[in-house]
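Thanks for coming. I will go through one model, starting with charged pairs and then moving to helices and the core.

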Amino acid sequence: NVVQAYNLILTAADGTAGDGSGNALQASYYSTIGVNLASLARSSADSTTDADKLALFNSVVGAQNTVGVSTPERLESLAATVSDLIRLARESADDPLSAQKDSTLSLARLQTLGLGAITNEATRSAFLNAVQFKGNSVDPATGAPRSQDNAATHDVSGVNSVEKLAAIATSYATLLAWVNNGGTSAPTQGDYQTIGIQLPTTNPTSALLLLNSALHAQPDASRINTIAGLNRMALVVEQLMKAGSIGPLGGAAEGSISLTVEDLQWLGVTGVSSDNLGFVLSKLQSLTDPGSVLVSLAALQTLATAAINAREHLVKLAQDNAGALATAAELEAIGLTLPVNGAGSNAEYLKLFNDALKSPAIDGSRANTPALLQAIIVAAQRVVDSTLDHAPAAPSRPLPADLIALGLPPGEVASVPAANMTLLIDAITARSFSNLGVDHTGTALALPAKL
C-alpha cells in the first residue's frame with residue numbers, strides 16, 4: 001500500500017552514499033506513491049523500466065536524506081536527471097538525451113543529486129564529458145574517445161551509482177583546481193583513472209610527475225576539460241617516456257618519436273617549430289633514461305630550449321661561415337655525441353666539424369637537420385682516425401663522400417679522376433692529424449682549404 005511503499009523509500013534514504021540502502025527498492029514502490037517513472041523507461045518505444053536507470057536512481061535515493069525524497073515531484077526530478085546521465089553515458093540512438101537535458105543536467109540538478117564537488121559550470125561540463133566517454137575506446141593516434149556502436153561505448157558500469165558519479169566529479173574537480181598553479185594537492189593516478197584517462201605505462205611514476213607538472217602550468221582548463229584533451233596530453237607524455245627505447249641518431253636502435261609541434265605545444269612546451277622540431281626530438285631520443293630527466297615541464301622545456309638554441313647557432317654558423325665555433329655541449333644538446341681519441345679527447349673531431357661548418361661549400365641548408373650534422377661527425381671520425389699513427393685507427397679509409405661532408409665542393413670532388421682521388425686520400429692517411437691542420441709554413445689551415 002501507499003504508506004508501506006513510502007516507508008520503504010524513506011527508510012532507504014539514510015543520507016549515506018554507497019551503503020546499498022536503496023538497492024532493493026522496486027519500481028512499483030515509486031509508482032504506488034504516485035511517482036511518474038516514464039523517464040526510467042528503456043526508450044520511447046519501450047516503456048519497460050531500464051535496469052541501469054533504476055539502479056542509479058535507487059543509489060541516488062539511498063544517498064538522499066528524507067527531505068530529498070519527501071514528495072513525488074522531488075523523486076521525479078531525481079529520476080529525470082538520473083535517466084539523462086545514463087543516456088549520456090550509453091550514447092544509444094534508440095534512447096537519446098531528453099529535450100529537457102539542459103535542465104535535467106544543470107548545475108543545480110547535479111548538486112541536488114549529491115554531487116557537491118561540481119561547484120561551477122566548468123566542472124559540470126568536464127564531468128558530463130567524462131560521464132559520456134568513460135570506458136569508450138579511443139583513437140590510438142590522438143587519444144580522442146570514439147563513439148562507435150559497440151559494447152565499450154554503451155557500457156554504463158562506470159557511472160551506475162551515485163558514489164561512482166561523485167568520485168568522477170571529485171577527481172575532475174581536483175584536476176581542474178590544479179591548473180594555473182592552483183590547488184593544494186596534485187592529482188593522483190587514481191584521479192585520472194576515475195575519470196577514464198588512459199595513463200602512460202612507460203615509467204609511470206615519472207610520467208605522472210610530468211603530466212601533473214604540465215597540468216599545473218596550463219594557463220586555463222581549455223586543454224584538459226575533456227577526455228580527449230587529457231588523453232592527448234597523456235599520450236604525449238607516453239611518447240616522451242618511450243624516447244630512450246627508440247635510440248639516438250646513428251645508433252643501432254635508431255627510430256623516430258611520433259610527436260608533432262602541436263603535441264609538444266599541447267603539453268605546454270614553447271619555442272618549438274617545424275624548423276627545430278627534429279633537433280628537439282633528436283635530443284629526446286638520445287636520453288638513456290627519460291624517466292630520470294623528464295620529471296617536470298620545466299625540465300622538458302630546458303631540454304627543448306637548449307636544442308632550439310644550439311640548432312639556431314649551428315645553422316647560422318654554416319650559413320655565415322663565420323662566428324663563434326660550435327661546442328661539444330651544443331652537439332650534446334641536439335642529441336649528437338662526438339667520438340673521442342685514445343687520450344679521451346674530442347678536440348680533433350670537433351675541429352674538423354667546425355672547419356666544415358665554416359667552409360663556403362656548406363651553408364645553412366646543409367646543417368639544418370641532425371642527420372646532416374651527424375654525417376659531418378661520421379666523416380670527421382673517419383678522416384681523423386685514418387691519419388698517421390692515430391689511436392684509434394679507422395677500420396676503413398675516408399671516402400669521397402666524407403670529403404664532401406667536411407666542406408669540399410661536391411662538384412669539385414665529382415670532377416676529380418678516381419686515380420687522383422686515391423692519391424688525395426693517400427695524402428691524408430700519410431700525415432699526422434697535426435700536420436693535416438697546417439699549411440707548408442706551419443700556419444693553421446682549415447681542412448677544406450688544405451685539401
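There are 13 salt bridges in this structure, which is a predicted model. I will take three of them.

One is between Lys53 and Asp95, where the closest N and O atoms are 2.7 Å apart. Lys53 sits in helix 3, residues 51–63, while Asp95 is in the loop between helix 4 (72–90) and helix 5 (101–104), so this pair ties together parts that are 42 residues apart in sequence. Are the two partners buried or exposed? Lys53 is buried, at a relative accessible area of 0%. Asp95 also counts as buried, with 8% relative accessibility.

Next is a salt bridge inside one helix. Lys316 pairs with Asp320, and their closest N and O atoms are 2.8 Å apart. Both residues belong to helix 17, residues 297–320, and because they are four residues apart there, about one helical turn separates them. As a reminder, an α-helix has 3.6 residues a turn, so residues three or four places apart point the same way. Asp320 is partly exposed, with a relative accessible area of 40%.

Asp402 lies in helix 21 (residues 400–405) and Arg382 in helix 20 (residues 370–386), so here the parts tied together are 20 residues apart in sequence.

Going back to Lys53 for a moment, salt bridges with shared partners join Lys53, Asp84, Arg87 and Asp95 into one network.

Staying with Asp402, what else does this residue touch? Setting aside residues up to four places away in sequence, Asp402 touches Ala379 and Arg382. A polar atom of the Asp402 side chain also lies 2.8 Å from the backbone nitrogen of Leu399.

Which of its residues are buried? Ala5, Ile9 and Ala12 are. These three cover an arc of only 65° around the axis, which puts them on the same side of helix 1. Val3 and Thr11, on the other side of helix 1, are exposed. What do the buried residues of helix 1 pack against? They pack against helix 2 (27–32) and helix 3. Helix 3 is the one that carries Lys53. At the start of helix 1, a side-chain oxygen of Asn1 comes to within 3.3 Å of the backbone nitrogen of Val3.

Helix 12, residues 227–241, is another case. How many of its 15 residues are buried? Twelve are, so helix 12 is largely enclosed by the rest of the structure. The buried set includes Gly229, Asn231, Glu238 and Gln239, along with Ile227, Leu230, Val236 and Leu240. As for geometry, 15 residues at 1.5 Å each should span 21 Å, and the end C-alpha atoms of helix 12 are 21 Å apart, which agrees.

The largest one has 125 residues, and Phe57, Phe127 and Leu284 touch the most other members. Which helix gives the largest share of this core? Helix 17 does, with ten residues. This is the helix that also holds the Lys316 and Asp320 pair.

Take Leu284 and Phe127 in turn. Apart from residues up to four places away in sequence, Leu284 touches Leu240, Ala243, Gly244, Ile257, Leu294, Leu300 and Leu303. Of these, Leu240 is one of the buried residues of helix 12.

Phe127 is in helix 7, residues 121–133, and is buried with a relative accessible area of 0%. Leaving out neighbours within four places in sequence, the contacts of Phe127 are Leu85, Leu110, Leu115, Ile118, Leu165, Ile168, Ala169 and Tyr172. Phe127 and Glu163 are 36 residues apart in sequence, and their C-alpha atoms are 14 Å apart in space.

Last, a residue at the surface. Ser434 is in helix 24, residues 433–436, and counts as exposed at 56% relative accessibility. Between Ser434 and Thr387 there are 9.2 Å in space, C-alpha to C-alpha, with the two residues 47 apart in sequence.

That is what I have. I will take questions now.

Terms used
Residues are numbered from 1 along each chain as its sequence is written. This is a predicted model: local features need pLDDT of at least 70, side-chain atom pairs count only at pLDDT 80 or more; totals for chains, interfaces and linings use all residues. Side-chain values use heavy atoms; hydrogens and water are left out. A salt bridge is a side-chain nitrogen of Lys or Arg within 4 Å of a carboxyl oxygen of Asp or Glu. Helices (H or I, at least four residues) and strands (E, at least two) are DSSP runs, numbered from the N terminus. Buried means under 20% relative accessible area, exposed over 50%, partly exposed in between (1.4 Å probe, protein chains only). The arc is that of the directions from the helix axis to the C-beta atoms. Contact means heavy atoms within 4.5 Å. A polar contact is a pair of N or O atoms within 3.5 Å; within protein, one must be able to donate a hydrogen and the other to accept it, and residues adjacent in sequence count only if both atoms are side-chain atoms. The expected span of a helix is 1.5 Å times one less than its number of residues. A nonpolar core is a set of buried Ala, Val, Leu, Ile, Met, Phe, Trp, Tyr and Cys residues joined through side-chain atoms within 4.5 Å.
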